[in-house]
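Try each task before reading its solution.

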Amino acid sequence: MTYVFQFGIVFDQFDRMLAGAWLTVQLSIGALLLGLAAATAGAFVLTAGPRWLRAPVTAYVELIRNTPLLIQLYVIFFALPGFGLRLDANAAALAALVINFGAYATEILRAGIQSIPAGQIEAGRALNLTTVQIYRLIVLFPAVKTVFPALASQFVLLMLGSSVVSAISASELTAVSNTLQSTTFRAFEVYIVATLMYLAVAVAFRAAFAAIYWAVFMRERGR
Amino acid sequence: MTNMLRCLFAACAGLFAVAASAPADAQALDRIIKEKKIRITAQVDSAPFGILDKDNKPTGSEIETARQIAKDLGVELELVQVTGPQRIPALLADRADLAISSLSITTERAKTVWFASPHGALSIVIGGPARTNITGPADLVGKKIGMTRATLEEQEVPKIAPPGTQIVFFDEHAATQQALMTGQVDAIGAAAFLISDLAKRAPQLNITPKFTVATAFYAIAVKPGNFDLLQWVNTWVFVNKNNGMLAKIYETHTGVKLVDLPTF
């Protein structure tokens, strides 16, 4: 082993890597919120919405879930300008992540909603609950509780998958790492630090999700 | 007993001395000749230096150079396919014996790899569509300039770009060129060959070189410590410069005359 590690070069540029990691976090949270909103609408359409809307939503979910994120990114960044829609790199990255996460989350939420037995909904009607009450208390709440771990995992996958947006010159953690690596040639050092940063972000997100799960679903039990 | 201990100690010390003084791979040349195989990097997204032909086989001036080197060494050639940013890591990680992928000589890179004397040259230009008005570095202010990571333009363009120039980086030449063709950037920093090639492939955009940023020489690189391999490569460059082989390879693939090559 003749390789000499030189972490000093990386730590000199640490603020740039932190800025990259911060953009990764921002992109992920933005994609989470917007994607969840899209997914809630999508899952509603698939389970209770008008029939004519189901085909386009199904088409969207299947199209996105069966094509690579990188290609979706290229379509938004390189192909859409041909139709007059020009997004800059970070905006295109966010759009691609929202569209991608929205499709996966739609499918996860749909599965959760369909896991609620019909008898449970009928019981709600028998108790004279309104449609909104039934949807909120009997369908959505237990459905989200059931699929919460799957949603959390999908979100962490989204955060890690956001590394591909460096390909279109977005300036998140992977992009900053690639640039640092190519100017310092310290591949091992740069990528080891980037790996640890991704790990820290992923662990923090998982902890946040566990806390949300406890606060929303576990305390409810005691009431 | 004392003698035995002394012998053992001497043996240990000897081993230690050998281990401590052995450079990375001082016998690289011998090993290559013995194994009858040399591993050379092949970057195939960088026309006209390295590209895939219509049968998906690597071709280009640097691939040709690699083939010639293997032929002159009398060994089999194994091309190690790399992208631009992987050229130096491939050497350092011992995936390749030589990097022959239009690797420009810079003092920054020389901290990490050892360069032979140059066997080719390229100019970095700012290129863009005719409608983009750029005549010199001062016009870059407020413009979005794309370039590929781990290239010479990544080092040279920021030096001449005034504050207010927005420089964005892509991982591959293909993405950088696509960004220019779709208007995601106003202009790109790239090798002159790439700009003229792009101008041919997208005539509707009227892409022209705006100004030359720098001219650089590229060379074959070895992992630090491989003295014997470096010495052989330098000899090869000297011989093939004088017999016209370098100029022939370069002009066949680039369509441009090779400039006078300095040595060091």
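Axes here are lines fitted to C-alpha atoms, for helices over the stretch in contact, and angles run from 0 to 180 degrees between N-to-C directions. This is a predicted model, in which local features need pLDDT of at least 70 and side-chain atom pairs count only at pLDDT 80 or more, while totals for chains, interfaces and linings use all residues. Residues are numbered from 1 along each chain as its sequence is written, and chains are lettered from A and ligands numbered from 1 in the order in which they are written.

**Exercise 1. Describe how α2(A) and α3(A) pack.**

Step 1: find the helices. Helices (H or I, at least four residues) and strands (E, at least two) are DSSP runs, numbered from the N terminus. In chain A, α2 covers residues 14-48 and α3 covers residues 51-65.

Step 2: take the geometry. The two helices pack at an angle of about 130°, and their axes are 9 Å apart. That angle makes α2(A) oblique to α3(A). The classes are roughly parallel under 35 degrees, roughly antiparallel over 145, roughly perpendicular from 65 to 115, and oblique for the rest.

Step 3: list the contact residues. Two residues are in contact if their C-beta atoms, placed from the backbone, lie within 7 Å. From α2(A) come A:G42, A:V45 and A:L46, and from α3(A) come A:L53, A:R54, A:V57, A:T58 and A:V61.

Step 4: sort them. Ala, Val, Leu, Ile, Met, Phe, Trp, Tyr, Cys and Pro count as nonpolar, Asp, Glu, Lys and Arg as charged, and the others, Gly among them, as polar. The contact of α2(A) with α3(A) has 5 nonpolar, 2 polar and 1 charged.

**Exercise 2. Which parts of chain B supply the side that touches chain A?**

Step 1: size the contact. Chain B gives 19 residues and chain A gives 17 residues.

Step 2: locate the elements. In chain B, α4 (87-92), β10 (166-170) and α7 (173-181) each supply at least two residues of that side. The largest share, 3 residues, is from β10(B).

Step 3: sort the residues. The side of chain B that touches chain A holds 9 nonpolar, 6 polar and 4 charged residues.
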